[in-house]
There are 2 protein chains.
Amino acid sequence: MTTLAECETRDGADPLAHFRDRFALPEGVIYLDGNSLGALPRATAGHIARLVETEWGDGLVRSWNAAGWIEAPRRVGAKIARLLGAGDDEVLATDTTSVNIYKLVRAALSADPARHTILTEPGNFPTDLHIAQGIAAEDPAVRVQMAPRESIAAAAGPGTVVLLTHIHYRTGERYDLAAVTRTVRERGGIVVWDLSHSVGAVELDLARDGAELAVGSGYKYLNGGPGAPAFLYVARALQDRLHSPLTGWLGHAEPFAFADDYVAAPRIDRFMCGTPPILGLAALECGVDLHLEADMRLIAAKGQDLCDLFIELVDGKGLDLELITPRDRGARGSHVSYRHPHAYAVMQALIARGVIGDYREPEVIRFGFAPLYNTFAETWRAAEALGEVMTSGAWDKEAFRVRARVT
Amino acid sequence: MTTLAECETRDGADPLAHFRDRFALPEGVIYLDGNSLGALPRATAGHIARLVETEWGDGLVRSWNAAGWIEAPRRVGAKIARLLGAGDDEVLATDTTSVNIYKLVRAALSADPARHTILTEPGNFPTDLHIAQGIAAEDPAVRVQMAPRESIAAAAGPGTVVLLTHIHYRTGERYDLAAVTRTVRERGGIVVWDLSHSVGAVELDLARDGAELAVGSGYKYLNGGPGAPAFLYVARALQDRLHSPLTGWLGHAEPFAFADDYVAAPRIDRFMCGTPPILGLAALECGVDLHLEADMRLIAAKGQDLCDLFIELVDGKGLDLELITPRDRGARGSHVSYRHPHAYAVMQALIARGVIGDYREPEVIRFGFAPLYNTFAETWRAAEALGEVMTSGAWDKEAFRVRARVT
């Protein structure tokens with residue numbers, strides 16, 4: 001088994017090690033929940049303070065142009081595009097993941113009158129399923145079809161919009177984005193990829209892989225802050241053929257002409273809707289900038305190294321935990337999950353020891369490894385703490401407290 | 001004509017005068033564009049810094065519960081409700097005005113199969129018109145009907161969802177909210193009110209006036225910052241009968257059960273969609289808190305006093321400007337607009353003198369009076385500056401520069 005000293009040696013040789021100091025992490029905490037809410041980049045507080053005090057306070061309404069606010073969704077989108085392997089005119093940072101799923105699934109359905117089915121998998125992230133169900137509820141011609149992940153691409157047909165989360169939020173399983181996209185396309189369908197657990201965690205090359213539509217979160221690995229704006233991607237070739245159902249004024253060809261009649265803006269801009277959230281975009285930009293400063297290949301490789309290490313160490317302890325994340329580096333994201341009947345209590349006991357992962361219904365504990373700030377040594381310590389919690393019965397005492405609180 | 005000395009006396013007697021120091025306004029500027037982007041409350045920078053550094057940086061993912069982030073849309077919504085005359089369980093601070101218009105117009109249409117018409121007025125704020133047109137474009141059964149404001153209530157029928165901006169963004173004209181709501185309701189229709197230029201500017205009593213649905217902006221008179229979250233209001237009696245088309249996970253009855261099937265949350269919560277923008281909500285809360293600390297009756301009365309003063313002073317100068325805002329206090333909001341063939345150049349010349357209002361296509365200059373920070377003396381100085389610009393020909397030189405730049 002890898003020792004703590006070996007982990008420290010690996011940290012010493014890690015080309016990304018210096019990025020940890022670029023984050024403001026609290027003392028006494030091992031933070032393995034960056035896949036839920038990314039940590040705070042040190043630059044963010046100053047950047048936001050400057051924006052609030054100078055751009056808003058002094059610049060006031062003039063900053064929409066003078067400080068580039070009106071360009072922020074495109075500017076931050078273009079930066080995210082570099083992490084996706086997309087063109088800088090193919091991504092917008094705007095709205096929430098949920099709203100962007102709605103836009104793109106609706107746009108994909110309405111682009112082809114033969115499309116009537118949203119195909120997805122059971123257990124997909126709730127908002128993906130719920131938005132799909134809402135779309136079907138409002139249009140009797142549309143139905144939601146569910147298929148297990150093994151057979152999902154083969155279940156697609158000419159009338160299908162496939163809605164999939166690239167890396168599963170619970171298990172960490174990763175779809176082969178290129179293969180699924182190709183198969184679905186060959187069968188006449190189209191895929192909307194939810195990249196919420198992928199961007200900033202694994203290498204993506206949407207152009208190479210032929211992806212046409214995608215959305216994702218800004219507050220997980222991108223470190224954009226709580227409720228950061230999300231992003232959407234529309235491949236260049238599709239942009240002028242698709243129409244957003246949310247035709248807000250900033251998706252107009254000439255928003256400041258204040259014309260009565262809606263005319264969709266050319267290209268990606270038509271997927272804008274309302275006034276962009278400038279504070280949220282500014283925080284998101286700080287997180288994205290850190291990723292651009294690093295190298296996405298190094299980030300992705302280190303994420304897999306940390307996952308491998310954690311799995312190896314937990315394996316070695318022979319704990320009563322069922323690994324539900326693939327052991328194959330290429331088949332997962334940057335988080336590792338285990339099933340246990342008292343998973344909630346186990347995680348509470350771990351958090352009490354300063355190791356913050358999270359719990360997901362039902363019976364799952366999740367550990368996210370954020371390559372820009374997590375270290376090999378703290379991965380070792382987290383595995384140690386998990387071992388202690390499981391063998392000392394600490395989780396059992398916690399489970400008792402949980403039961404006592406509930407009843 | 002009112003003198004500067006008289007204005008200073010009025011400022012001395014103004015019960016809201018001390019609120020001006022609660023805002024961080026730049027030196028040498030008279031800011032009369034708070035109806036577009038409200039000024040920065042002094043408390044906001046510190047509040048945001050604390051949120052970023054302590055709640056996000058130290059609290060990390062734990063702050064969703066420990067710092068009340070998950071409650072923020074309801075908490076801030078309940079505070080806005082007090083400015084609307086609504087119940088604290090009738091308002092959410094969430095998404096953008098455009099997205100909220102979409103939710104409520106769609107919800108109103110789908111609640112009654114007989115409803116097929118969105119009735120609005122030509123020249124309404126573009127996003128209201130554009131969202132309505134987008135809804136009609138996606139459903140052949142729905143049409144957008146336009147009627148002039150004088151006859152709009154009478155044009156409503158049983159199949160009508162009326163979408164109106166309470167105070168017109170360009171002219172400042174104010175609808176009689178109670179009368180229009182009552183007439184439309186008697187005729188079997190329902191009104192969605194856009195309160196973007198009303199909230200924080202005029203007294204509202206949605207409960208007394210029978211309003212059923214409304215939305216509004218957080219970044220104008222509420223001083224919530226650039227692109228602040230918007231709000232939506234759904235009267236208690238309607239909440240469980242309406243369904244949002246945007247069925248994101250946070251509108252689920254049990255979002256953290258992570259269930260596959262969407263079940264709409266009871267009451268107002270079903271109008272939540274994605275993860276709330278915590279930075280934006282925090283800034284918005286600071287702006288709303290200032291309004292709650294003051295008295296909305298005093299705020300609204302002072303706004304009208306400032307508008308009256310400005311109109312009187314501009315009248316007295318005999319300038320070549322056409323007032324397009326009602327002279328009647330009860331028939332307008334808190335901004336005053338004039339038409340001039342070279343309105344853009346006039347406003348540029350004014351801005352060059354430190355008086356910031358704004359220009360709106362076509363041919364309109366707008367002056368917004370924000371009662372919490374604008375003074376009678378600066379209103380007097382703004383009128384003086386406008387007189388100088390108009391009589392000195394400064395606007396003509398500016399018009400020449402504008403033309404030279406365009407050609």
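This is a selection-by-selection tour of a predicted two-chain model.

Residue numbers start from 1 in each chain as its sequence is written, and chains are lettered from A, with ligands numbered from 1, in the order in which they are written. Because the model is predicted, local features need pLDDT of at least 70 and side-chain atom pairs count only at pLDDT 80 or more, while totals for chains, interfaces and linings use all residues.

**Stop 1: the contact of the two chains**

Select both sides of the contact: 63 residues come from chain B and 64 residues from chain A. Contact here means that two C-beta atoms, placed from the backbone, lie within 7 Å. On the side of chain B, the elements that give two or more residues are helix 2 (42–58), helix 5 (97–110), helix 6 (126–138), helix 11 (278–293) and strand 12 (358–360). Helices (H or I, at least four residues) and strands (E, at least two) are DSSP runs, numbered from the N terminus. Helix 2 of chain B gives the largest share of that side, nine residues. Colour the side of chain B by class and you get 35 nonpolar, 20 polar and eight charged residues. In this scheme Ala, Val, Leu, Ile, Met, Phe, Trp, Tyr, Cys and Pro count as nonpolar, Asp, Glu, Lys and Arg as charged, and the others, Gly among them, as polar.

**Stop 2: helix 12 of chain A**

Select residues 296–317 of chain A.

The buried residues of helix 12 of chain A are M296(A), I299(A), A300(A), K302(A), G303(A), L306(A), C307(A), L309(A), F310(A), L313(A) and V314(A). A residue is buried if 20 or more other C-beta atoms lie within 10 Å of its own, exposed if 12 or fewer, and partly exposed in between. An α-helix has 3.6 residues a turn, so residues three or four places apart point the same way. Now show what covers the buried residues, including helix 4 (72–84), helix 11 (278–293), strand 10 (335–339), strand 13 (364–368) and helix 14 (376–392) of chain A. After helix 12 of chain A comes G318(A), with a positive phi near 60°.

**Stop 3: helices 4 and 11 of chain A**

Keep two of those covering elements on screen, helix 4 and helix 11 of chain A. Their axes are 10 Å apart and meet at an angle of about 25°, which makes the two helices roughly parallel. Axes are lines fitted to C-alpha atoms, for helices over the stretch in contact, and angles run from 0 to 180 degrees between N-to-C directions. Angles under 35 degrees count as roughly parallel, over 145 as roughly antiparallel, 65 to 115 as roughly perpendicular and the rest as oblique. Helix 4 of chain A contributes A72(A), P73(A), V76(A), K79(A), I80(A), R82(A) and L83(A), and helix 11 of chain A contributes I278(A), L281(A), L284(A), E285(A), V288(A), H291(A) and L292(A). By class, this contact has ten nonpolar, one polar and three charged residues.

**Stop 4: P276(A)**

Select P276(A), in the loop between helix 10 (236–239) and helix 11 of chain A. Is P276(A) buried or exposed? P276(A) has 25 C-beta neighbours inside 10 Å and so counts as buried. Beyond its neighbours within four places in sequence, P276(A) is in contact with A72(A), P73(A), T94(A), L281(A) and G227(B).

N223(A), in the loop between strand 7 (213–216) and strand 8 (231–234) of chain A, has a positive phi near 60° without being a glycine. With 30 other C-beta atoms within 10 Å, N223(A) is buried. F258(A), in the loop between helix 10 and helix 11 of chain A, is also not a glycine and has a positive phi of about 50°. F258(A) has 18 other C-beta atoms within 10 Å and is therefore partly exposed.

Next, select E361(A) and P362(A), joined by a cis peptide bond with omega about -15°. P362(A) is in the loop between strand 12 (358–360) and strand 13 of chain A. In chain B, a cis peptide bond with omega about -15° joins E361(B) and P362(B).

**Stop 5: helices 1 and 14 of chain B**

Finish on helix 1 (residues 4–13) and helix 14 (residues 376–392) of chain B, which pack at about 150° with axes 7 Å apart. The two helices are therefore roughly antiparallel. L4(B), C7(B), E8(B), R10(B) and D11(B) of helix 1 meet F376(B), A377(B), T379(B) and W380(B) of helix 14. These residues divide into five nonpolar, one polar and three charged.
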